[in-house]
Amino acid sequence: MITLALSKGRIFDETLPLLAAAGIEVLEDPEKSRKLIFATTQPDVQVVLVRASDVPTYVQYGGADLGVTGKDTLLEHGGEGLFQPLDLQIAKCRVSVAVRNDFDYAQAVKRGARLRVATKYPQIAREFFARKGVHVDLIKLYGSMELAPLTGLADAIVDLVSTGNTLRANHLQEVEHIIDISSHLVVNQAALKLKQKRLRHIIDVFAAGVAQTAPV
């Protein structure tokens with residue numbers, strides 16, 4: 001059995017066409033089911049739905065043979081024990097610094113102020129501000145980042161940004177771009193040896209799908 005770890009939402013939806021190209025279709029809609037393990041049109045392939053931040057861990061320790069996860073999650077996880085053959089170029093967004101519209105971020109950085117930064121990406125944030133020589137106190141949150149500056153919990157947030165609409169709706173502005181994000185295929189290294197033929201076929205089909213959508 002080949003087990004593929006995915007998370008609900010955009011990554012799941014944008015992985016489906018790549019799976020279809022490999023002749024793999026999930027037999028149920030996860031949005032209409034409380035199941036966490038789903039059969040597919042291939043009897044030897046199943047999909048498990050896990051929290052986005054847990055995908056690399058499931059693959060690393062063999063709970064899944066392969067998975068699709070954002071670069072942001074990989075950077076936080078560290079990528080240990082994972083073969084990362086492909087940037088799938090799906091679920092694209094960016095990690096950015098954002099502040100309240102009335103907060104002068106540039107001036108605060110210029111005068112060397114110590115900033116309180118809320119984020120669910122402490123590793124990315126720590127490395128970014130260290131490179132800039134900005135002193136920060138990091139506050140780990142797991143959601144609703146936009147609330148942190150609005151309630152005075154933090155001066156800034158480091159979070160994923162796609163369209164920026166959520167920031168604008170909450171009177172926040174993007175002030176620094178940290179890194180572009182897309183989703184990557186990750187494979188358990190032991191599984192790649194034990195199930196090489198089947199996994200290589202999936203990797204090759206995914207690679208062909210990415211190549212077809214790549215700009216000329």
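These legends describe close-up views of a predicted model. Local features need pLDDT of at least 70, side-chain atom pairs count only at pLDDT 80 or more, and totals for chains, interfaces and linings use all residues. Residues are numbered from 1 along each chain as its sequence is written, and side-chain values use heavy atoms, with hydrogens and water left out.

**View 1. The six-stranded open sheet.** The strand order is S2-S3-S1-S4-S11-S5, and the pairing is mixed. Strands (E, at least two residues) and helices (H or I, at least four) are DSSP runs, numbered from the N terminus. Two strands pair if DSSP finds at least two bridges between them. Strand S2 (37-39) and strand S5 (82-87) are the edge strands, each pairing on one side only. Neighbouring strands are turned by 25 degrees against each other on average, direction ignored. Axes here are lines fitted to C-alpha atoms, for helices over the stretch in contact, and angles run from 0 to 180 degrees between N-to-C directions.

**View 2. Strands S4 and S11, with helix H9.** Strand S4 (residues 66-70) and strand S11 (residues 183-188) are antiparallel and share five bridges. Val 68 has Leu 185 in S11 as its bridge partner. Helix H9 (residues 196-213) lies across S4 and S11, and also across strand S1 (2-6), strand S3 (45-49) and S5. H9 runs at about 30 degrees to S5. Contact means heavy atoms within 4.5 Å.

**View 3. The five-stranded open sheet.** The order is S8-S7-S9-S6-S10, again with mixed pairing. Strand S8 (136-140) and strand S10 (172-181) stand at the edges; each has a single partner strand, so one side of each is left without a neighbour in the sheet. From one strand to the next, the twist averages 30 degrees. Strand S7 (residues 115-119) runs parallel to S8, joined by five bridges. Within this pair, Val 117 stands opposite Leu 138.

**View 4. The largest pocket.** Its space comes to about 680 Å³. On a 1 Å grid over the protein atoms alone, a pocket is an open set of points with protein on both sides within 12 Å along at least five of seven lines; a cavity is a set where a 1.4 Å probe fits but cannot get out; lining residues have an atom within 4 Å of a point. Points are joined across faces, edges and corners, and a volume is the space filled by probe spheres set on them. The pocket has 27 lining residues, with Ala 52, Asp 72, Thr 73, Lys 120 and Tyr 121 nearest its centre. Helix H1 (10-21), helix H3 (71-77) and strand S9 (156-161) each give two or more residues to the lining. H3 gives the most, with four residues. By class, the lining has 10 nonpolar, nine polar and eight charged residues. Ala, Val, Leu, Ile, Met, Phe, Trp, Tyr, Cys and Pro count as nonpolar, Asp, Glu, Lys and Arg as charged, and the others, Gly among them, as polar.

**View 5. The largest cavity.** The count is one cavity of 30 Å³ or more. The largest has a volume of about 40 Å³. Leu 4, Leu 19, Ile 24, Val 45, Leu 66, Ile 202 and Phe 206 line this cavity. The lining is seven nonpolar residues, no polar and no charged.
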